[in-house]
Amino acid sequence: MEIIIGIIVVLLLVLLFANVRIVPQATEYVIEFLGKYKTTWSAGLHVKIPLVEKIAKKITLKEQVLDSPPQPVITKDNVTMQIDTVVYFRIFDAKLYTYGVVNPISALENLTATTLRNLVGELELDGTLTSRDTINAKMTAILDEATDKWGMKVNRVELKNIIPPAEIQNAMEKQMKAERERRETLLQAEGHKAAAITRAEGDKQAMILAAEGERDARIARAEGEAKAIFLQKKAEADGIRAIKEAGADSAVLEIKRYEALVSMSNGTAAKLIIPTDAINMVTKNAVFTETTGLGDITEEAPKPKPVTKKDECCEK
């Protein structure tokens, strides 16, 4: 009897350990009791009732990536392009994910394809190529709303590649090349224009500086000549003032005036006009000197004495 009890205890322990489950982090287990949903196990240690309970599905709560293959999409202007998408999603409700739809990943993939066709069909080729952000935002909103009843949360949708037909690619490359050449031509024209303006500004500034230099030189020369004339007149005035202070009479002054007139007539083809009063004054001075003997500058040279020769005959 004891042996039977021991065997039963061992079987119970084996059965117990066989139904112990450890749920890892970021994972949930969906448990069914006799084929009906019972509960959801979160991370931790759990014990399953054998034979009546089973694990229906193991679900990860981590964010997952659905990379859809390229698929043909027709634009509004009837251009067929190959577009592939990447969908980032996570499961927030294990029960809805398990019982909401058959094969949720396939359902999400097909929903992504149909939504992409609807959005791109409303756009033309150029709008499709330049509206990636708009398409991504619209697809994220639509897919997130549609997958709520499946226990899925769509966080982000990205258009991975947009591949237009070969002839469209060639036309786009030619257009881009023409656009680059046009920009290059415009840049060269702007550069030549800027260079011409700079050169003209430089010539203008050089002319202004040259004119200012010539003006300053003329002003300096005029100031020098004015200063020279001023000093000359000042020297003449100082000389006249000195003569007056020395007590010179009018006759001396007239003689000085006459000497100045003579010095002025030293130039070529110069005409000397002597005032009458100066001539009368000189004449009066000459008569006065001859009459009185005063004012003579040079004395009369002495007459040579006669030399007498001795008579050699008489002396003998």
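**The surface patch and the buried helix face**

Mentor: A nonpolar patch lies on the surface, formed by M1, I4, I5, I8, V9, L12, L13, L16, F17 and V47, with about 1000 Å² of accessible area together. Patches are made of residues with over 30% relative accessible area and no salt bridge, with like charges joined within 9 Å and nonpolar side chains (Val, Leu, Ile, Met, Phe, Trp, Tyr) within 5 Å. A salt bridge is a side-chain nitrogen of Lys or Arg within 4 Å of a carboxyl oxygen of Asp or Glu, and accessible areas come from the Shrake-Rupley method with a 1.4 Å probe, only the protein chains shown counting as cover for residues. This is a predicted model in which local features need pLDDT of at least 70 and side-chain atom pairs count only at pLDDT 80 or more, while totals for chains, interfaces and linings use all residues. Residues are numbered from 1 along each chain as its sequence is written, and side-chain values use heavy atoms, with hydrogens and water left out.

Trainee: Which helix gives the most to the nonpolar patch?
Mentor: Helices (H or I, at least four residues) and strands (E, at least two) are DSSP runs, numbered from the N terminus. The helix in question spans residues 2–18 and gives 8 residues to the patch. The name asked for is α1.

Trainee: Is L13 buried, partly exposed or exposed?
Mentor: Buried means under 20% relative accessible area, exposed over 50%, and partly exposed in between. L13, found in helix α1, has a relative accessible area of 43%, so L13 is partly exposed.

Trainee: Within what arc do the buried residues of α5 fall?
Mentor: Helix α5 covers residues 132–146, and its buried residues are I135, N136, M139, T140, L143 and D144. The arc is that of the directions from the helix axis to the C-beta atoms. Seen down the axis of α5, these residues line one face of the helix, because they fall within an arc of 150°.

Trainee: Which elements are included in what covers the buried residues of α5?
Mentor: Contact means heavy atoms within 4.5 Å. The cover includes β8 (80–91), α3 (104–120), α4 (125–130) and β9 (152–163).

Trainee: What separates the C-alpha atoms of T85 and T112?
Mentor: T85 is found in strand β8 and counts as buried, at 0% relative accessibility. Among the residues that T85 touches are T112, L116 and L159. T85 and T112 are 27 residues apart along the chain, and their C-alpha atoms are separated by 8.1 Å.

Terms used. Buried < 20%, exposed > 50% of the residue type's maximum accessible area, 1.4 Å probe, protein only. Expected span 1.5 Å × (residues − 1). Lists of a residue's contacts leave out its neighbours within four places in sequence.
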